[in-house]
Amino acid sequence: EQKVVLITGCSSGIGLSLAVHLASNPSKVYKVYATMRNLDKKQRLLESVRGLHKDTMAILQMDVTDQQSILDAKRNVAEGRIDILVCNAGVGLMGPLEAHSLDTIRGILDVNLLGTLRTIQTFLPDMKRKRHGRILVTGSMGGLQGLPFNEVYCASKFAVEGACESLAILLQHFNIHVSLIECGPVNTDFLMNLKRTEASDEALEVDAHTRSLYDQYLQHCQSVFQNEAQETDDIIQVYLEAIEAPTPFLRYYTNRALLPMSSLKLTSMDGSQYIRAMSKLIFSAPDTDPKI
Ligand code: NAD
């Protein structure tokens, strides 16, 4: 019997790669429901999977901010069950906090946090009844540690961590496993898709000091993505590890190089070491520090 997988946010990036990889399994182990908010964007997925594998993949419309569309997607799953639910849809937001409208902030929380909760809520009762299921969530280092100019994104991803960790404790009693795949920078459309305030934006009503720090942050961010970003294939390998493990962990880290920074939060629980180290990393680029 095929394992039925439903993935959110499959029009690009990690969701698309995971859908293609699972649907292309030569033994046809998986039946993938690749869902996306806007079906007009399905071409890229179709091209990547080289024609629709009818017996291993179906594409469904699903907007994680729209409860009805989640219910409709659920109704369109022919097998009437989901064995593996992948909550992957997400969007970034960068800029000084005071530059974001409350509507923008709500929009990010609506996708990243509420979208994940809505999706899990909708599929959980069936999994509980069957005493069987896996829930995988695309997590982020931004869900484990704060990043300047990413306050709202980090808040949304920290919140997802809290929800998943809480669920994991309960759901082991139902033979349901929750796993977070914690990603550092990944080479996807994420940077292009994220909502960003431009540092050069004249209408940006922030003080000059914030503006110059934001400029430094954007440069740091660009170089990190250029030099350290992983490919989606690397992320998929970690996904597979979690999918295939008899008893998966709550957290998988895709990039071990990022762990030392995160572990500073544990070695100095008052937060001071992490804040100092991150501040130094981001804001002391040699050419911007007058002391050097
Ligand atoms: P991406 O922008 O290519 O993919 C995100 C997908 O989510 C897109 O296909 C987008 O259409 C979809 N989406 C947005 N709003 C939606 C909605 N309301 N309903 C359904 N789908 C929606 O970027 P990605 O890197 O593949 O992002 C996937 C996940 O990985 C996100 O949750 C992101 O936060 C997380 N992540 C990405 C990175 C990175 O550097 N790329 C790092 C850490 C975590």
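What follows is a look at the sheet, the helices packed on it and the cysteines of this predicted model. Local features need pLDDT of at least 70 and side-chain atom pairs count only at pLDDT 80 or more, while totals for chains, interfaces and linings use all residues. Residues are numbered from 1 along each chain as its sequence is written, and side-chain values use heavy atoms, with hydrogens and water left out.

The sheet is open and has 7 strands in the order β3-β2-β1-β4-β6-β7-β9, with parallel pairing. Strands here are DSSP runs of E with at least two residues, helices are runs of H or I with at least four, and both are numbered from the N terminus; two strands pair if DSSP finds at least two bridges between them. β3 (57-61) and β9 (251-253) sit at the edges, each pairing on one side only. From one strand to the next, the twist averages 20 degrees (axes are lines fitted to C-alpha atoms, for helices over the stretch in contact, and angles run from 0 to 180 degrees between N-to-C directions).

Strand β7 is mostly covered, with 8 of its 8 residues buried (under 20% relative accessible area; exposed is over 50%, partly exposed in between, with a 1.4 Å probe and protein chains only). Ile-176, Val-178, Leu-180 and Glu-182 point one way, and His-177, Ser-179, Ile-181 and Cys-183 the other. On the β6 side, 8 bridges join the two parallel strands, and Arg-134 stands opposite His-177. On the β9 side there are 3 bridges, and Glu-182 stands opposite Tyr-253.

As for the helices, α5 (residues 151-171) lies across β6, β7 and β9, at about 155 degrees to β7. β6, α5 and β7 make a right-handed β-α-β unit: with the strands pointing away from the viewer, the path from the first strand over the helix to the second runs clockwise. Helix α8 (residues 232-244) lies across β2, β4, β6, β7 and β9, at about 150 degrees to β6. In α9 (residues 259-267), Leu-259, Met-261, Ser-262 and Leu-264 are buried, and their cover includes β9 and α10 (272-283), counting contact as heavy atoms within 4.5 Å.

Finally, the cysteines: a search of the whole structure finds 0 disulfides, a disulfide being a pair of cysteine sulfur atoms within 2.5 Å. For Cys-154, the nearest cysteine sulfur is that of Cys-221, 11 Å away. Cys-154 is buried at 5% relative accessible area. Cys-164 is also buried, at 2%, and its sulfur lies 7.4 Å from the closest cysteine sulfur, in Cys-87, so the two are too far apart for a bond.
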